[in-house]
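Reader: I would like to learn how to read some local features of a model. Please take them one by one.

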Amino acid sequence: MSKLLIVESPSKAKTLQKYLGKDFEVLASYGHVRDLIPKTGAVDPEHDFAMKYEVIDRNSRHVDAIAKAVKNADAIYLATDPDREGEAISWHIAEILKSKKLLKDKLLKRVVFHEITKNAVQHAIDEPRDISMPLVNAQQARRALDYLVGFNLSPLLWKKIRRGLSAGRVQSPALRLIVERELEIEAFTSQEYWTIHLESAKHQHVFDARLVQLDGQKVEQFTVTSQEQQQGIVGKLLAASAGKTTVTRVEKKQRSRSPAAPFTTSTLQQEAVRKLGFTTSRTMRVAQQLYEGIDIGSGTVGLITYMRTDSFSLAAEAVMQIRDYIKKNFAADYLPKSPIMYKTKAKNAQEAHEAIRPTDITRTPASVRAYLTDEQFKLYEMIWKRALACQMTQAKFDAVSIDLAVGSEANLFRATGQTLVFPGFIAVYMEGVDDEEEEGESKLPHLETGEVLAVQKIFGDQHFTEPPPRYSEASLVKALEEFGIGRPSTYASIISTLQDREYVLLDKKRFTPTDVGRVVNKFLTEHFTRYVDYGFTANLENELDDIAEGGREWIPVLNDFWQGFSNQIQEKSNVERPGVEVLDEPCPKCGKPLQSRLGRFGKFIGCSGFPECDYIRNPSANSNNNEPTVIGQEPESGKDILLLNGPYGPYLQIGLPEADSKKKPKRVSIPKEISAASIDMETALKLIALPRDLGQHPETGKKIVANIGRFGPYVNHDGKFKSIPKSDSVFDIDMPRAVELLAQANAGPAPIKELGAHPTEEGTIAIYSGRFGPYVQHGKLRATLPKSQEPESLTMEQALELLAAKAAKDAPAKKTKATSKASAKKATTSTKAKKSTTTTRKKKTADDE
């Protein structure tokens, strides 16, 4: 009996083929096999939301290979990923095979495993099931909702704001989070406040105490708000102390801290951002590699369980294995008397049954280090440590709080400190924090009530309240989870979409909305309030969960959504264009009011009489009149520093061209990472100071220059150019760093990542950084990586597929070039015949038409 197992990824297929042997043929679908046709009408609300699918072009050959294999198989097992999306892929494969009439008298079953180990895979095959239609329908409902929002709301954005914009059912509330945080920051008014401190010591152990009570009244954050006030209080306390302070209270407590739960998708992404500096998408790609299987010398094995889950629970067998490892490798007091259970916080934890954990806790990070890339090792080590720590005892601290009186007990200073007395789980793993400082361990000397100490000094410390921090990837994922926006498997794509659409920028690892993002958000919150409401979005996610659990039908859910949404689209089709703000300033050209508007490159100020009056103050407007913006005057020449727009983007220019001079004004390109709207005098002066002369090369004695060109910042030496990476600044780069970069240029490009030798041909395969993005190269063949693919996570299989596609694309052109010379003579001698034939052909074509 021949058996066929179908999975999603080729790397997983290779791993499973080794487990299952000759009885099975294992093929990969390479992800999704079908999607909605990219046209209006793909979802038909008039006919129970009938959905029109088509095979995805890039995977058509894989579908053909599966269909061919099905003809020779007696049993087909669908082993796509164990979540809704994986269930839907299995259903799509089954539907394609049914349409081809290939399933007659054949066994078709669904198998699910959450870890790729031989035992787990075999157990799944021994207990197959049918495709779960509730899971499939939940995924179909999600896809239909996303389509209905995108295909109906996006054209309205094109009409009202500008072409190319998009609105998404989940991305729009996420954008709202970022914009609202930015508005909070802009509206924030900083307030001054002071804290009063006392410094004392015992046996040369200096410590600090903070004023908590003044004249019998509790000291609050804004009790002291000016330097004059704090000076008066400090003077009064110094006089009252007479150089002495008395210990009035000593309180000692033992505190404990419990370990964090094992990883879910959300917490894994947050920790990887905080601790490893990964993006959410990079985290998921590396986790996918660890899940699908790594060759560790003794064979290929999945190192972690399935990485898309919002469950905190662990299998009983895994918990016992972890406890056994702790018992063998740690002292007895590191193992709790009973297993620690974690309750899942999510209202409707999705289908995955376990948190993310190692498939075998005895497979330590050190033991597999040689078989992993740096990023794979870092992520595996973090997952392994977190899983181990979650079953260890609490950390214990001795906490001490001491009150010191000055003059009388009406004036009290308080000192606190804690000491780690037993590390417990902290010996293995400590959870990271975001947007706050971890509580420090300050030790205090041993003090007794009534003890009198010398006052070394009393002083005030100035502070200013700070606005809420912008979202990082970690804190945004946390917020999305708390609001119920999206699901674990969608967080990375939500963030990527916001960046790809240029609605937000990630600057210094924090999200800032762009002008376009602000305008889109304002339009949606004003006119489609319900559909960017956090509660509405979360409730819709809960309804999708109910569909997946079989508690609700999917068509009524879609119908309820569509009735309100379609009416809203019709109502808002005639609303005014957003993003226009009338200014209290006349146009210098015609006198009409000026407006702040959104243009191709961001906001600009232009005349409200456009197009009759084409005055603009910012070159980002789409106008033939490139009216310059005056930034200020250059100190040396006294000429205006002008901001203009050119064919390659905005630039700075020193003065206007002089009519009687052939000499052109100096121009400096503005790098992409600097917004034209943000150019101030300080930035402008830095830019016009370019190029920077860094000095003479230590070996050649020739000058090295740092400058900005059409393709970004670079250093130049003796006619050789080397791009300055984003981690360096053209304004700050020094001679040693420039020499280092130029040495790299002379040695040829260094690969971002070496994948190894080609499996069937001579030469190695490596990934390089190019002018137009990263690419994979084998010999002279180069293939550009897709924008969504991070070079660090590209596998050998993916590289071979990209190179093969590139070779196939180039083949016709090469063949034509190779045969052109050989056929030249023949072509010349038969010119007349060809002309005659061509004429006849043209006539036939015309007649046919």
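Predicted model: local features only at pLDDT ≥ 70, side-chain atom pairs only at ≥ 80, totals over all residues.

Reader: Start with helix packing. At what angle do the axes of helix 6 and helix 13 cross?

Author: First the terms. Helices (H or I, at least four residues) and strands (E, at least two) are DSSP runs, numbered from the N terminus. Axes are lines fitted to C-alpha atoms, for helices over the stretch in contact, and angles run from 0 to 180 degrees between N-to-C directions. Here, helix 6 (residues 171-187) and helix 13 (residues 473-483) have axes that come within 11 Å and cross at roughly 120 degrees. That makes helix 6 oblique to helix 13. Angles under 35 degrees count as roughly parallel, over 145 as roughly antiparallel, 65 to 115 as roughly perpendicular and the rest as oblique.

Reader: Is the crossing of helix 6 and helix 13 left-handed or right-handed?

Author: A crossing is left-handed if the near helix is turned anticlockwise from the far one by less than a right angle, and right-handed if clockwise. The crossing of helix 6 and helix 13 is right-handed.

Reader: Which residues make the contact?

Author: Contact means heavy atoms within 4.5 Å. Helix 6 contributes Ala-174, Leu-177 and Ile-178, and helix 13 contributes Leu-476, Ala-479, Leu-480 and Phe-483. By class, this contact of helix 6 with helix 13 has 7 nonpolar, no polar and no charged residues. Ala, Val, Leu, Ile, Met, Phe, Trp, Tyr, Cys and Pro count as nonpolar, Asp, Glu, Lys and Arg as charged, and the others, Gly among them, as polar.

Reader: Which residues of helix 13 are buried?

Author: Buried means under 20% relative accessible area, exposed over 50%, partly exposed in between (1.4 Å probe, protein chains only). In helix 13, the buried residues are Glu-473, Ala-474, Ser-475, Leu-476, Val-477, Ala-479 and Leu-480. Their packing partners are helix 6, helix 8 (265-276), helix 9 (280-292), helix 14 (491-500), strand 18 (504-507) and strand 19 (510-513). Just after helix 13, Gly-484 takes a positive phi of about 75 degrees.

Reader: Now single residues. Where is Ile-547, and what does Ile-547 contact?

Author: Ile-547 sits in helix 16 (residues 534-548). Its relative accessible area is 2%, so Ile-547 is buried. Leaving aside neighbours within four places in sequence, Ile-547 is in contact with Pro-134, Asn-137, Ala-138, Ala-141, Arg-552, Glu-553, Trp-554 and Val-557. Ile-547 and Asn-137 are 410 residues apart along the chain, yet their C-alpha atoms are separated by 7.1 Å.

Reader: Is His-197 buried or exposed?

Author: His-197, in strand 9 (residues 192-202), counts as buried at 11% relative accessibility. Not counting residues up to four places away in sequence, His-197 touches Asp-208, Ala-209, Arg-210, Phe-413, Lys-457, Ile-458, Phe-459 and Asp-461.

Reader: How is a pair of aromatic rings described?

Author: By the distance of the centres and the angle of the planes. Rings of Phe, Tyr and Trp (its six-membered ring) pair if their centres lie within 6.5 Å; planes under 30 degrees apart count as stacked, over 60 as edge-to-face and the rest as tilted. By this rule the count comes to 20 aromatic pairs. In one of them, the rings of Phe-528 and Phe-565 have centres 6.4 Å apart and planes at 50 degrees, so the pair is tilted. Phe-528 lies in the loop between helix 15 (515-527) and helix 16, and Phe-565 in helix 17 (residues 554-571), so the pair ties together parts that are 37 residues apart in sequence. Both Phe-528 and Phe-565 are buried.

Reader: What of Phe-561 and Phe-565?

Author: That pair is stacked, at 5.3 Å centre to centre and 25 degrees between the planes. Phe-561 and Phe-565 are 4 residues apart in helix 17, so about one helical turn separates them. One aromatic cluster is formed by Phe-523, Phe-528, Tyr-531, Phe-536, Phe-561, Trp-562 and Phe-565.

Reader: Last, the backbone. What is phi of Lys-101?

Author: Phi of Lys-101 is near 55 degrees, a positive value in a residue other than glycine. Lys-101 lies in the loop between helix 3 (84-99) and strand 8 (107-110), and is exposed, with a relative accessible area of 74%. His-203 has a positive phi of about 50 degrees, although it is not a glycine.

Terms used:
Residues numbered from 1 in each chain as written. Heavy atoms only, no water.
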